[in-house]
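Q: Please take a close look at a single part of this model and describe its surroundings in one connected account.

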Amino acid sequence: IAVRPTSETIMYPAFSDWIKSHRDLPLKLNQWSNVVRWEFKDPTPFLRSREFLWQEGHTAHATFDEANEMVMQALDLYRRVYEELLAVPVIPGYKTEKEKFAGGDRTTTVEAYIPQSGRAIQGATSHHLGQNFGKMFEIKFQNEAGKSEIAWQTSWGLTTRTIGVMVMVHGDDVGLVLPPAIAPLQCVIVPIISKHLTDEDAKEYCEGILADLVANGIRAKYDDRTMYNPGWKYNHWEQKGVPIRIEVGPRDIEKQQVRTVIRSTGEKIDEKIDGLGALLNTKLGTIQVNMLQAARKTRDEHLVQVTEWKDFVPNLEKSNMVLTPWCGGEHQDWEEWVKNKSREESLAEGEEEDAQTATSVAAKTLCIPFTQPDLPKGTKCIASGMDATCWVLWGRSY
(Lines give C-alpha, C1' and ligand atoms only; values in the text may rest on other atoms or scores of the structure.)
Protein backbone atom coordinates (compact mmCIF):
# COMPACT_ATOMS: atom_id res chain seq x y z
CA ILE A 1 0.00 0.00 0.00
CA ALA A 2 3.01 2.33 -0.14
CA VAL A 3 2.26 2.58 -3.89
CA ARG A 4 -1.37 3.70 -3.95
CA PRO A 5 -3.86 5.77 -5.94
CA THR A 6 -5.19 7.49 -2.79
CA SER A 7 -4.70 7.03 0.95
CA GLU A 8 -8.00 5.83 2.43
CA THR A 9 -6.74 2.29 3.02
CA ILE A 10 -3.64 3.59 4.80
CA MET A 11 -5.29 6.21 6.98
CA TYR A 12 -8.66 4.76 7.94
CA PRO A 13 -7.47 1.88 10.14
CA ALA A 14 -5.88 4.61 12.27
CA PHE A 15 -9.16 6.56 12.24
CA SER A 16 -10.79 3.49 13.77
CA ASP A 17 -8.26 3.56 16.60
CA TRP A 18 -8.38 7.31 17.18
CA ILE A 19 -12.16 7.82 17.08
CA LYS A 20 -14.10 6.39 20.01
CA SER A 21 -16.35 9.20 21.21
CA HIS A 22 -18.31 12.14 19.77
CA ARG A 23 -15.69 14.26 21.57
CA ASP A 24 -13.10 12.99 19.07
CA LEU A 25 -15.07 14.54 16.22
CA PRO A 26 -14.63 16.25 13.90
CA LEU A 27 -11.25 14.77 12.96
CA LYS A 28 -9.57 16.73 10.17
CA LEU A 29 -6.27 15.68 8.60
CA ASN A 30 -4.36 16.97 5.61
CA GLN A 31 -1.22 15.60 3.98
CA TRP A 32 0.97 16.19 0.96
CA SER A 33 1.97 12.92 -0.68
CA ASN A 34 2.85 11.28 -3.96
CA VAL A 35 0.37 8.80 -5.40
CA VAL A 36 0.34 6.57 -8.48
CA ARG A 37 -2.40 6.04 -11.08
CA TRP A 38 -2.34 3.19 -13.60
CA GLU A 39 -5.83 3.26 -15.12
CA PHE A 40 -4.85 5.07 -18.33
CA LYS A 41 -2.60 4.27 -21.30
CA ASP A 42 -0.37 7.26 -21.88
CA PRO A 43 0.52 10.13 -19.54
CA THR A 44 0.32 13.83 -20.40
CA PRO A 45 2.98 15.93 -18.62
CA PHE A 46 1.58 18.10 -15.80
CA LEU A 47 -2.02 17.14 -16.59
CA ARG A 48 -2.15 13.36 -16.21
CA SER A 49 0.99 11.62 -15.02
CA ARG A 50 1.62 8.19 -13.55
CA GLU A 51 2.84 9.66 -10.29
CA PHE A 52 1.92 13.08 -8.95
CA LEU A 53 2.16 15.21 -5.85
CA TRP A 54 -1.07 16.27 -4.26
CA GLN A 55 -2.69 17.68 -1.17
CA GLU A 56 -5.05 15.11 0.30
CA GLY A 57 -7.58 15.97 3.01
CA HIS A 58 -9.52 13.41 5.07
CA THR A 59 -12.12 14.19 7.73
CA ALA A 60 -14.62 12.38 9.94
CA HIS A 61 -17.82 13.90 11.36
CA ALA A 62 -20.74 13.04 13.60
CA THR A 63 -23.46 13.85 11.05
CA PHE A 64 -24.11 13.85 7.31
CA ASP A 65 -24.70 17.61 7.32
CA GLU A 66 -21.41 18.39 9.07
CA ALA A 67 -19.56 16.26 6.52
CA ASN A 68 -21.42 17.95 3.67
CA GLU A 69 -20.44 21.38 4.98
CA MET A 70 -16.80 20.24 4.97
CA VAL A 71 -17.13 19.02 1.36
CA MET A 72 -18.39 22.42 0.24
CA GLN A 73 -15.76 24.32 2.25
CA ALA A 74 -12.97 22.32 0.60
CA LEU A 75 -14.47 22.75 -2.86
CA ASP A 76 -14.80 26.50 -2.39
CA LEU A 77 -11.18 26.63 -1.25
CA TYR A 78 -10.19 24.97 -4.54
CA ARG A 79 -12.35 27.42 -6.48
CA ARG A 80 -10.52 30.26 -4.76
CA VAL A 81 -7.11 28.74 -5.55
CA TYR A 82 -7.98 28.66 -9.24
CA GLU A 83 -9.81 31.96 -9.49
CA GLU A 84 -8.12 34.18 -6.88
CA LEU A 85 -4.54 32.90 -7.24
CA LEU A 86 -4.24 31.36 -10.71
CA ALA A 87 -6.80 33.63 -12.43
CA VAL A 88 -8.45 30.56 -13.97
CA PRO A 89 -12.28 30.52 -13.95
CA VAL A 90 -13.90 27.25 -12.93
CA ILE A 91 -17.40 25.78 -12.93
CA PRO A 92 -18.35 24.06 -9.65
CA GLY A 93 -20.82 21.19 -9.68
CA TYR A 94 -21.65 17.57 -8.90
CA LYS A 95 -20.20 14.62 -10.77
CA THR A 96 -22.66 12.12 -12.22
CA GLU A 97 -22.87 8.60 -10.79
CA LYS A 98 -20.66 7.37 -13.64
CA GLU A 99 -17.93 9.94 -13.00
CA LYS A 100 -17.99 10.17 -9.19
CA PHE A 101 -15.34 8.69 -6.89
CA ALA A 102 -16.16 5.00 -6.68
CA GLY A 103 -15.94 4.83 -2.90
CA GLY A 104 -18.12 7.84 -2.19
CA ASP A 105 -21.74 8.87 -1.97
CA ARG A 106 -21.26 12.06 -3.98
CA THR A 107 -18.42 13.89 -5.68
CA THR A 108 -18.20 17.63 -6.23
CA THR A 109 -15.78 19.20 -8.69
CA VAL A 110 -14.45 22.40 -10.19
CA GLU A 111 -14.02 22.22 -13.98
CA ALA A 112 -11.70 24.46 -16.02
CA TYR A 113 -11.44 25.09 -19.77
CA ILE A 114 -8.29 25.15 -21.93
CA PRO A 115 -9.03 27.44 -24.92
CA GLN A 116 -5.96 26.43 -26.95
CA SER A 117 -7.17 22.84 -27.22
CA GLY A 118 -10.89 23.35 -26.68
CA ARG A 119 -10.84 20.79 -23.89
CA ALA A 120 -12.12 20.87 -20.34
CA ILE A 121 -10.11 19.62 -17.41
CA GLN A 122 -11.07 18.56 -13.90
CA GLY A 123 -9.50 21.09 -11.54
CA ALA A 124 -10.04 19.43 -8.15
CA THR A 125 -12.60 17.23 -6.40
CA SER A 126 -14.18 17.03 -2.97
CA HIS A 127 -15.99 13.82 -2.00
CA HIS A 128 -18.74 13.06 0.49
CA LEU A 129 -17.87 9.49 1.41
CA GLY A 130 -21.00 8.90 3.46
CA GLN A 131 -20.50 5.98 5.85
CA ASN A 132 -19.05 3.61 3.24
CA PHE A 133 -15.49 3.57 4.55
CA GLY A 134 -16.71 3.91 8.12
CA LYS A 135 -18.51 0.60 7.81
CA MET A 136 -15.57 -1.02 6.03
CA PHE A 137 -12.98 0.06 8.61
CA GLU A 138 -15.33 0.14 11.63
CA ILE A 139 -14.89 3.83 12.34
CA LYS A 140 -17.42 4.04 15.18
CA PHE A 141 -18.06 6.57 17.90
CA GLN A 142 -20.29 6.78 20.93
CA ASN A 143 -22.79 9.62 20.55
CA GLU A 144 -24.00 11.89 23.35
CA ALA A 145 -26.79 9.42 24.13
CA GLY A 146 -24.24 6.64 24.60
CA LYS A 147 -25.18 4.81 21.40
CA SER A 148 -22.67 3.58 18.82
CA GLU A 149 -22.72 5.26 15.38
CA ILE A 150 -20.68 5.11 12.18
CA ALA A 151 -18.79 8.31 11.35
CA TRP A 152 -19.52 10.33 8.22
CA GLN A 153 -16.42 11.05 6.17
CA THR A 154 -15.02 13.31 3.43
CA SER A 155 -11.91 13.37 1.29
CA TRP A 156 -10.68 16.07 -1.09
CA GLY A 157 -7.58 16.67 -3.18
CA LEU A 158 -5.72 19.20 -5.31
CA THR A 159 -2.71 18.24 -7.42
CA THR A 160 0.21 19.81 -9.27
CA ARG A 161 -2.11 19.64 -12.30
CA THR A 162 -2.99 23.20 -11.25
CA ILE A 163 0.38 24.33 -12.63
CA GLY A 164 -0.32 22.79 -16.03
CA VAL A 165 -3.81 24.31 -16.17
CA MET A 166 -2.51 27.78 -15.31
CA VAL A 167 0.29 27.54 -17.90
CA MET A 168 -2.09 26.41 -20.66
CA VAL A 169 -4.84 28.94 -19.91
CA HIS A 170 -2.58 32.01 -19.81
CA GLY A 171 0.58 31.07 -21.74
CA ASP A 172 1.33 32.26 -25.26
CA ASP A 173 3.86 31.58 -28.02
CA VAL A 174 6.50 33.62 -26.19
CA GLY A 175 6.33 31.66 -22.93
CA LEU A 176 4.69 31.81 -19.52
CA VAL A 177 2.21 34.50 -18.51
CA LEU A 178 2.00 34.41 -14.72
CA PRO A 179 -0.76 35.95 -12.60
CA PRO A 180 0.84 38.40 -10.15
CA ALA A 181 -0.56 36.58 -7.12
CA ILE A 182 1.65 33.54 -7.72
CA ALA A 183 4.53 35.02 -9.74
CA PRO A 184 7.87 34.48 -7.94
CA LEU A 185 8.97 37.81 -9.42
CA GLN A 186 6.29 40.42 -10.03
CA CYS A 187 8.50 43.14 -11.47
CA VAL A 188 11.94 43.09 -13.05
CA ILE A 189 14.02 46.21 -13.74
CA VAL A 190 16.09 46.14 -16.93
CA PRO A 191 18.53 49.00 -17.61
CA ILE A 192 19.14 49.88 -21.26
CA ILE A 193 22.92 50.04 -21.15
CA SER A 194 24.62 51.83 -24.07
CA LYS A 195 27.23 54.47 -24.74
CA HIS A 196 24.67 56.94 -23.41
CA LEU A 197 24.06 55.04 -20.14
CA THR A 198 26.74 53.10 -18.25
CA ASP A 199 26.20 50.44 -15.63
CA GLU A 200 27.36 52.82 -12.93
CA ASP A 201 25.03 55.58 -14.10
CA ALA A 202 22.05 53.19 -14.08
CA LYS A 203 22.83 51.46 -10.78
CA GLU A 204 21.85 54.16 -8.28
CA TYR A 205 18.66 55.04 -10.18
CA CYS A 206 17.55 51.41 -10.58
CA GLU A 207 18.40 50.41 -7.02
CA GLY A 208 16.31 53.32 -5.77
CA ILE A 209 13.36 52.04 -7.81
CA LEU A 210 13.96 48.51 -6.49
CA ALA A 211 13.92 49.71 -2.88
CA ASP A 212 10.62 51.52 -3.50
CA LEU A 213 9.06 48.40 -5.02
CA VAL A 214 10.21 46.15 -2.18
CA ALA A 215 8.99 48.67 0.43
CA ASN A 216 5.55 48.39 -1.17
CA GLY A 217 5.51 44.59 -0.85
CA ILE A 218 6.38 43.82 -4.48
CA ARG A 219 8.58 40.83 -5.33
CA ALA A 220 11.11 42.55 -7.57
CA LYS A 221 14.59 42.19 -9.06
CA TYR A 222 17.13 44.50 -10.65
CA ASP A 223 18.75 42.63 -13.55
CA ASP A 224 22.21 44.18 -13.56
CA ARG A 225 23.97 41.35 -15.40
CA THR A 226 26.56 42.75 -17.77
CA MET A 227 27.03 39.72 -20.03
CA TYR A 228 23.57 40.09 -21.63
CA ASN A 229 22.15 42.95 -23.67
CA PRO A 230 18.70 44.47 -22.95
CA GLY A 231 16.98 42.61 -25.79
CA TRP A 232 18.17 39.27 -24.46
CA LYS A 233 16.91 40.18 -20.98
CA TYR A 234 13.51 41.21 -22.37
CA ASN A 235 13.08 37.79 -23.98
CA HIS A 236 14.37 36.00 -20.90
CA TRP A 237 11.89 37.60 -18.50
CA GLU A 238 9.01 37.36 -20.99
CA GLN A 239 9.58 33.61 -21.23
CA LYS A 240 9.45 33.42 -17.45
CA GLY A 241 6.16 35.30 -17.41
CA VAL A 242 7.11 38.19 -15.09
CA PRO A 243 3.97 40.39 -14.96
CA ILE A 244 5.69 43.79 -15.28
CA ARG A 245 8.99 44.69 -16.90
CA ILE A 246 10.46 48.07 -16.01
CA GLU A 247 12.80 49.54 -18.62
CA VAL A 248 15.25 52.31 -17.71
CA GLY A 249 17.08 54.25 -20.43
CA PRO A 250 19.03 57.53 -20.38
CA ARG A 251 15.98 59.61 -21.33
CA ASP A 252 13.98 57.97 -18.53
CA ILE A 253 16.58 59.08 -16.01
CA GLU A 254 16.51 62.60 -17.41
CA LYS A 255 12.72 62.72 -17.08
CA GLN A 256 12.67 60.85 -13.72
CA GLN A 257 10.46 58.13 -15.16
CA VAL A 258 10.45 54.49 -16.30
CA ARG A 259 8.72 52.56 -19.04
CA THR A 260 6.54 49.68 -17.81
CA VAL A 261 5.62 46.76 -20.08
CA ILE A 262 2.69 44.52 -19.05
CA ARG A 263 3.38 40.87 -19.89
CA SER A 264 -0.25 39.77 -20.22
CA THR A 265 -1.25 42.49 -22.71
CA GLY A 266 2.00 43.92 -24.10
CA GLU A 267 0.86 47.39 -23.03
CA LYS A 268 3.68 49.95 -22.62
CA ILE A 269 3.25 52.93 -20.28
CA ASP A 270 5.66 55.63 -19.11
CA GLU A 271 5.37 56.30 -15.37
CA LYS A 272 7.04 58.81 -13.04
CA ILE A 273 9.24 57.24 -10.36
CA ASP A 274 7.64 59.31 -7.61
CA GLY A 275 5.17 56.93 -5.96
CA LEU A 276 5.98 54.17 -8.46
CA GLY A 277 5.93 51.36 -5.87
CA ALA A 278 2.41 52.13 -4.71
CA LEU A 279 1.25 52.64 -8.28
CA LEU A 280 2.59 49.28 -9.48
CA ASN A 281 1.24 47.50 -6.41
CA THR A 282 -2.22 48.63 -7.47
CA LYS A 283 -1.43 47.80 -11.10
CA LEU A 284 -0.53 44.22 -10.17
CA GLY A 285 -3.95 43.81 -8.56
CA THR A 286 -5.59 45.15 -11.71
CA ILE A 287 -3.58 42.73 -13.88
CA GLN A 288 -4.74 39.83 -11.67
CA VAL A 289 -8.39 40.82 -12.05
CA ASN A 290 -8.07 41.45 -15.80
CA MET A 291 -6.43 38.06 -16.42
CA LEU A 292 -9.32 36.29 -14.70
CA GLN A 293 -11.88 38.35 -16.60
CA ALA A 294 -10.19 37.68 -19.93
CA ALA A 295 -10.01 33.94 -19.24
CA ARG A 296 -13.67 33.91 -18.16
CA LYS A 297 -14.74 35.81 -21.28
CA THR A 298 -12.93 33.29 -23.49
CA ARG A 299 -14.43 30.37 -21.53
CA ASP A 300 -17.95 31.77 -21.73
CA GLU A 301 -17.63 32.27 -25.50
CA HIS A 302 -17.15 28.51 -25.70
CA LEU A 303 -20.01 27.55 -23.37
CA VAL A 304 -23.25 26.87 -25.25
CA GLN A 305 -26.69 25.46 -24.48
CA VAL A 306 -27.94 22.71 -26.79
CA THR A 307 -31.35 21.03 -26.64
CA GLU A 308 -31.20 18.79 -29.73
CA TRP A 309 -28.72 16.04 -30.52
CA LYS A 310 -28.11 17.31 -34.06
CA ASP A 311 -26.36 20.37 -32.57
CA PHE A 312 -24.28 18.46 -30.04
CA VAL A 313 -21.26 17.18 -32.00
CA PRO A 314 -21.05 20.27 -34.27
CA ASN A 315 -20.53 22.35 -31.14
CA LEU A 316 -17.84 19.98 -29.89
CA GLU A 317 -16.15 20.52 -33.25
CA LYS A 318 -16.14 24.26 -32.50
CA SER A 319 -14.16 23.58 -29.29
CA ASN A 320 -17.18 24.28 -27.12
CA MET A 321 -18.36 22.90 -23.82
CA VAL A 322 -22.02 21.97 -24.17
CA LEU A 323 -24.77 22.34 -21.58
CA THR A 324 -27.73 20.05 -22.27
CA PRO A 325 -30.98 18.97 -20.59
CA TRP A 326 -30.47 15.61 -18.87
CA CYS A 327 -32.63 12.91 -17.39
CA GLY A 328 -30.47 12.62 -14.26
CA GLY A 329 -26.96 11.79 -13.14
CA GLU A 330 -27.96 8.22 -12.31
CA HIS A 331 -28.54 7.24 -15.96
CA GLN A 332 -25.14 5.77 -16.68
CA ASP A 333 -26.36 3.85 -19.73
CA TRP A 334 -27.39 7.01 -21.58
CA GLU A 335 -24.20 8.73 -20.50
CA GLU A 336 -22.23 5.92 -22.11
CA TRP A 337 -24.42 6.22 -25.21
CA VAL A 338 -23.52 9.89 -25.59
CA LYS A 339 -19.83 9.11 -25.16
CA ASN A 340 -19.89 6.42 -27.84
CA LYS A 341 -22.20 8.27 -30.23
CA SER A 342 -20.23 11.52 -30.05
CA ARG A 343 -16.97 9.66 -30.69
CA GLU A 344 -18.48 7.82 -33.64
CA GLU A 345 -19.84 11.00 -35.24
CA SER A 346 -16.62 12.96 -34.60
CA LEU A 347 -14.47 10.29 -36.22
CA ALA A 348 -16.87 10.21 -39.17
CA GLU A 349 -16.36 13.98 -39.55
CA GLY A 350 -12.62 13.45 -39.90
CA GLU A 351 -11.43 13.95 -36.32
CA GLU A 352 -8.45 11.82 -35.35
CA GLU A 353 -7.36 10.27 -32.07
CA ASP A 354 -3.67 9.93 -31.29
CA ALA A 355 -3.00 6.45 -29.93
CA GLN A 356 -0.12 7.87 -27.86
CA THR A 357 -2.26 10.26 -25.82
CA ALA A 358 -4.98 9.80 -23.25
CA THR A 359 -7.32 12.28 -24.94
CA SER A 360 -10.41 11.23 -26.88
CA VAL A 361 -12.73 12.97 -29.32
CA ALA A 362 -15.68 11.60 -27.34
CA ALA A 363 -17.69 13.85 -25.05
CA LYS A 364 -17.99 13.07 -21.35
CA THR A 365 -19.97 14.65 -18.56
CA LEU A 366 -17.95 17.27 -16.72
CA CYS A 367 -20.45 18.10 -14.01
CA ILE A 368 -24.01 18.98 -13.11
CA PRO A 369 -23.35 22.68 -12.39
CA PHE A 370 -24.50 24.09 -9.07
CA THR A 371 -25.83 27.12 -10.94
CA GLN A 372 -28.57 25.79 -13.22
CA PRO A 373 -30.30 27.66 -16.07
CA ASP A 374 -34.11 27.62 -16.10
CA LEU A 375 -35.47 24.24 -17.20
CA PRO A 376 -38.98 24.63 -18.64
CA LYS A 377 -41.44 21.90 -17.72
CA GLY A 378 -41.56 19.19 -20.36
CA THR A 379 -37.99 19.73 -21.60
CA LYS A 380 -36.62 16.41 -22.85
CA CYS A 381 -33.25 14.83 -22.22
CA ILE A 382 -31.00 15.25 -25.25
CA ALA A 383 -30.18 11.54 -25.35
CA SER A 384 -32.98 9.44 -23.86
CA GLY A 385 -35.97 11.63 -24.71
CA MET A 386 -37.17 11.27 -21.10
CA ASP A 387 -38.19 14.30 -19.09
CA ALA A 388 -35.09 16.28 -18.13
CA THR A 389 -34.43 16.87 -14.44
CA CYS A 390 -31.31 19.05 -14.73
CA TRP A 391 -28.73 20.58 -17.04
CA VAL A 392 -25.46 18.71 -17.41
CA LEU A 393 -22.17 20.05 -18.79
CA TRP A 394 -20.33 18.03 -21.46
CA GLY A 395 -17.04 18.45 -23.19
CA ARG A 396 -13.94 16.81 -24.56
CA SER A 397 -11.68 16.45 -21.60
CA TYR A 398 -8.14 15.64 -20.57
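A: The model is a predicted one, in which local features need pLDDT of at least 70 and side-chain atom pairs count only at pLDDT 80 or more, while totals for chains, interfaces and linings use all residues. Residues are numbered from 1 along each chain as its sequence is written, and side-chain values use heavy atoms, with hydrogens and water left out.

Arg-4 counts as buried because its relative accessibility is 13%; buried means under 20% relative accessible area, exposed over 50%, and partly exposed in between (1.4 Å probe, protein chains only).

Residues up to four places away in sequence being set aside, Arg-4 touches Ile-10, Gln-31, Ser-33, Asn-34, Val-35 and Val-36, where contact means heavy atoms within 4.5 Å.

Finally, Asn-340 stands 336 residues from Arg-4 along the chain, and a distance of 30 Å separates the C-alpha atoms of the two residues.

Elsewhere in the model, helix H5 (residues 199-215) passes helix H8 (residues 276-301) with the axes 8 Å apart and at an angle of about 55°. Axes are lines fitted to C-alpha atoms, for helices over the stretch in contact, and angles run from 0 to 180 degrees between N-to-C directions.

Note on methods: Helices (H or I, at least four residues) and strands (E, at least two) are DSSP runs, numbered from the N terminus.
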